Amino acid sequence: MTQNRILSVGSTFPAFTKQAVVSLEKGKEFADITSEDHKNNDQWMVMFWWPKDFTFVCPTEIAEFNKNYDEFRDRDAQLIGASTDSEFVHLAWRQNHEDLNKLRFPMLADTSKSLAEELGILEANEKVAYRVTYIVDPQGIIRWVSLNDLSVGRNVAEVLRVLDALQTDELCPCNWKKGEETIAA
């Protein structure tokens, strides 16, 4: 039995430079995304991974993150989607899936699987990424990790709730939501 060793809370998010699909406009489809981008802009980073392009659960999640893009932007968070598929597969999927052709965030291509491997999020048999979401602070420290099995989609509202809680830098009780009282230490 293979054991995963997932990079977790308190760890520094690994350095990376990867190609990503950022547009459907001819000649402007691709750009490099780095681990320094959010830090240089004093932003949080929310990176969510999915197993495979051209599948069934993945586009539901990607579309929901896209619907909430402004919510992440309003929280000074850079939103990045990622999988181990190539930038060319990402582009073809965006061009051919109605829910994905107006994405407002980059689709990062970890074709070498080096970042997914360093994060410890590769499924043992197929070597595809689990459904993992990272919230990383502006200093590059992982502050939250959520991991779902391949068959279960995540809850974007919960990602936003946790981001809100982390940004208060205070103690937040169970089921806390933005605007509610925090706990005095």
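Colleague: In helix α4 (residues 87–96), which residues are buried?

Modeller: This is a predicted model, in which local features need pLDDT of at least 70, side-chain atom pairs count only at pLDDT 80 or more, and totals for chains, interfaces and linings use all residues. Residues are numbered from 1 along each chain as its sequence is written, and side-chain values use heavy atoms, with hydrogens and water left out. Buried means under 20% relative accessible area, exposed over 50% and partly exposed in between (1.4 Å probe, protein chains only), while helices (H or I, at least four residues) and strands (E, at least two) are DSSP runs numbered from the N terminus. In α4 the buried residues are Glu87, His90, Leu91, Trp93 and Arg94.

Colleague: Within what arc do the buried residues of α4 fall, seen down its axis?

Modeller: On the other side of α4, Phe88 and Asn96 are exposed. The arc is taken from the directions from the helix axis to the C-beta atoms. The buried residues line one face of the helix, because they fall within an arc of 165°.

Colleague: Which residue forms a salt bridge with arginine 104?

Modeller: A salt bridge is a side-chain nitrogen of Lys or Arg within 4 Å of a carboxyl oxygen of Asp or Glu, and here the closest N and O atoms are 2.7 Å apart. Arginine 104 lies in the loop between α4 and β5 (107–109) and its partner in helix α3, so the pair ties together parts that are 34 residues apart in sequence. That partner is aspartate 70.
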